[in-house]
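Here's a quick briefing to read alongside the model. Have the sequence open as you go.

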Amino acid sequence: MRLFADFEDRPPLRHEQELLLRAVLASKAEGRDALARWIAETDFDTLDPASFRLVPALFARWGADAAAALHHGRMKGIYRYFLFRSSLVAAAARPVLAAFAAAGVEALAIKGLALGLRYHKNVALRPMSDVDVLIRHADLAEADAVLRTHGWRYRYGAAKKLRDIHSHDYVDDRSSGFDLHWFALPESAAEGADGGFWSRAETIDWQGQPLRMPAREDLALIAMVNAIREADAMHCVWIYDVAALIADAPRFNWNLLWAEAGRHGVRTQVFSALLLLSQVAPWLIPEACLHACLATDPVLTLDRLRAVVAETRTDTLTAMGRAYAAECLGSVRKARWFGLFPARDAYADLVADPAVAKHLRIMRDKAGEIVGIYMHRCHIPLLEQLFVVADAATLAAALADLGREGEITLPRGCLGLREATSGAYAARVDLAAPPHLTLPAGEAGKVALYVINASDEAWVVAEETAALYGISYHLHDDADTLVAWDQPRTYFMKPRPGTLAFVAPGQRLACQMKVHAPATPGRYCLHLDVLRETVTWFSAMGERFPVVALEVIA
Amino acid sequence: MYQVNAPRVVHETLEGETVVIDTVTGLYYTAAGNAAQLWQALAEGADPAVLATACAEAGCDTGAFEAFCDDLVASGLLVGRAGGSVTVALPALDAALAPPALTRHNDLQELIELDPIHEVDIAQGWPFRGPETP
């Protein structure tokens with residue numbers, strides 16, 4: 001087993017997607033085998049969107065092969081479709097880029113246009129519905145004017161345009177898109193963040209028109225961060241893209257990519273992408289690169305190990321993984337990471353990374369008594385916080401045989417649900433975005449933030465109770481006078497039958513707090529507050545939270 | 001002598017079938033058989049007179065070839081070429097095939113919206129609509 005299999009933390013690609021990628025990228029023999037399996041195992045009528053986008057590449061490599069005969073007609077048609085679609089999208093952008101140059105607006109083609117033209121050398125192989133272009137922030141107004149002059153319009157409402165933090169989406173009357181970036185990535189939307197992209201940019205000849213684009217390592221970085229951000233859709237096309245970037249010339253500069261990831265503050269995302277790449281296409285990335293990444297970033301290493309432990313995968317760590325982790329962590333911490341976590345605060349530390357509430361299932365008998373739990377091993381240290389333990393010896397015996405996860409059976413009366421004390425109502429809120437937002441009157445929005453359980457107790461919600469933990473705000477006017485106390489709630493967990501949801505002490509949740517703009521335009525203040533529904537606002541317990549400015553426009 | 005009206009026009013020949021895309025009008029053309037071969041030769045810079053001779057020798061209608069060339073120019077797909085012709089391999093024409101012509105797909109919106117998996121003829125693929133769809 002490869003060492004870094006221990007540290008994988010992304011949802012794996014679907015089996016069909018992996019086969020498809022191997023068919024497109026692997027050696028001829030392995031690729032043909034993967035193609036045959038993909039044909040045999042895939043229902044073409046239910047092809048997922050990511051696989052759909054890889055079909056042109058599959059057709060380009062295997063269209064003439066007998067193994068592809070079953071779907072040949074539609075594969076060829078999909079190739080034609082994207083040749084048509086991507087050609088129109090690229091052609092629509094061409095005069096805009098020429099006009100940018102004439103107006104003195106510097107521009108870099110990023111993502112699909114750069115990859116399709118320069119690295120895949122065929123836009124059919126890199127499906128795109130828009131082009132992404134990076135400009136200097138100072139040129140935004142000029143670029144916007146050029147786009148409008150050329151018949152493009154902002155795709156969404158004016159209110160959204162005000163809230164865009166790194167790019168505006170434009171569309172023309174043929175549904176081609178133009179994504180105008182003044183920062184390449186929303187994760188690093190700050191002045192100067194993209195300086196390296198600009199300084200290393202190269203220029204190609206696009207049928208008589210110069211086209212600038214970032215260096216291949218920078219394009220790989222952008223592809224990886226976008227892919228990890230959109231992991232739900234997991235457009236595995238990015239792996240095909242990165243393979244083309246690597247194959248373009250010898251000596252792909254992994255050190256540069258990693259250093260730039262550090263400058264952009266996206267190493268967590270890039271490391272996740274590198275791990276996925278190493279698992280799906282191990283021939284593309286030397287394992288030494290992954291070692292080097294961790295060696296140069298001890299904080300990231302700790303975060304990775306913390307995630308492994310919090311996801312209760314410690315008992316599945318390979319000997320190599322344990323040795324490596326021990327080397328990284330040092331002997332003092334080793335026992336905490338790889339023992340059974342005897343100390344409560346150790347667990348609090350370990351679960352600091354997971355950004356969502358955790359769950360375990362409880363089984364009850366007809367009288368409602370708890371007679372079993374389905375749980376992960378890493379939750380053992382928390383049991384005393386979640387339950388009143390009437391018979392510790394019986395519980396310990398039941399836990400002795402628990403593997404990585406599983407169900408333990410308990411006698412009636414061994415466990416009861418624990419009620420929170422007033423000490424549980426302590427929290428800290430950190431904003432993940434600037435403390436101000438603008439919304440049209442009556443519209444909904446969100447504020448990105450982190451909520452930390454700063455108490456010594458778990459926040460526990462049993463089954464279908466209404467007493468949920470969540471975050472909201474109190475609406476004040478510009479003079480800080482209270483306008484409305486109760487506002488929309490954003491709960492940290494969903495009540496489910498037979499389930500105990502909890503947020504461990506020290507756990508840090510990532511939240512998108514719902515905001516509803518008042519009907520009257522003006523300036524407001526949102527006094528954030530954590531609450532336990534029907535029980536208490538945390539502010540009533542002496543807690544203090546940030547204030548966010550809200551501007552409501554007509 | 002002609003050349004493809006690039007970058008406005010994109011073209012590719014796939015398994016003997018030529019696809020031509022006019023990115024300004026949004027028109028999509030396909031050509032097969034003699035038309036695909038003649039397009040390819042013209043796109044590479046072959047002398048039309050040489051191609052007309054090849055048509056005649058193959059027993060094809062040279063008038064149809066000339067009309068084909070005129071149509072390509074009128075449609076803006078080919079433009080006049082400065083400089084001399086290029087020697088290319090002569091196409092293997094078949095007099096039994098239909099006179100050369102491009103098939104034009106001119107409903108841009110329909111082309112974009114036609115689902116390439118579920119709404120197409122399974123044997124031919126996009127942009128050929130399947131028989132069961134309205």
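**Quick tour**

Helices here are DSSP runs of H or I with at least four residues, strands are E runs of at least two, and both are numbered from the N terminus. Keep in mind that this is a predicted model, where local features need pLDDT of at least 70, side-chain atom pairs count only at pLDDT 80 or more, and totals for chains, interfaces and linings use all residues. Residues are numbered from 1 along each chain as its sequence is written, while chains are lettered from A and ligands numbered from 1 in the order in which they are written.

**Chain B**

- Along the sequence, chain B reads β-β-β-β-α-α-α-β-β-α, with 4 helices and 6 strands.
- Of its 134 residues, 33% count as buried (20 or more other C-beta atoms within 10 Å of the residue's own, with C-beta atoms placed from the backbone; 12 or fewer is exposed, and in between is partly exposed).
- Helix 1 of chain B (residues 33-43) is mostly covered, with 9 of its 11 residues buried; among them are Trp39(B), Leu38(B) and Asn34(B).
- Taking contacts in chain B between residues at least 6 apart in sequence, 58% join residues at least 24 apart (a contact means C-beta atoms, placed from the backbone, within 7 Å).

**Where the chains meet**

- Chain A puts 21 residues into the contact and chain B puts in 23 residues.
- On the chain A side, that's 8 nonpolar, 6 polar and 7 charged residues (Ala, Val, Leu, Ile, Met, Phe, Trp, Tyr, Cys and Pro are nonpolar, Asp, Glu, Lys and Arg charged, and the others, Gly among them, polar).

**A helix pair in chain A**

- Helix 1 (residues 15-25) and helix 2 (residues 28-41) of chain A have axes that come within 7 Å and cross at roughly 145 degrees (axes are lines fitted to C-alpha atoms, for helices over the stretch in contact, with angles from 0 to 180 degrees between N-to-C directions).
- The contact includes Leu19(A) and Leu20(A) from helix 1 of chain A, and Leu35(A) and Trp38(A) from helix 2 of chain A.
- By class, this helix contact has 6 nonpolar, 1 polar and 5 charged residues.

**A sheet in chain A**

- In chain A, 3 strands make an open antiparallel sheet in the order 13-15-21 (strands pair if DSSP finds at least two bridges between them).
- Strands 13 (427-431) and 21 (508-516) of chain A are at the edges with a single partner strand each, so one side of each has no neighbour in the sheet.
- From one strand to the next, the twist averages 40 degrees.
- Strand 13 of chain A is joined by 5 bridges to strand 15 (residues 444-453) of chain A, and Leu431(A) stands opposite Leu449(A).

Terms used: Contact = placed C-beta atoms within 7 Å.
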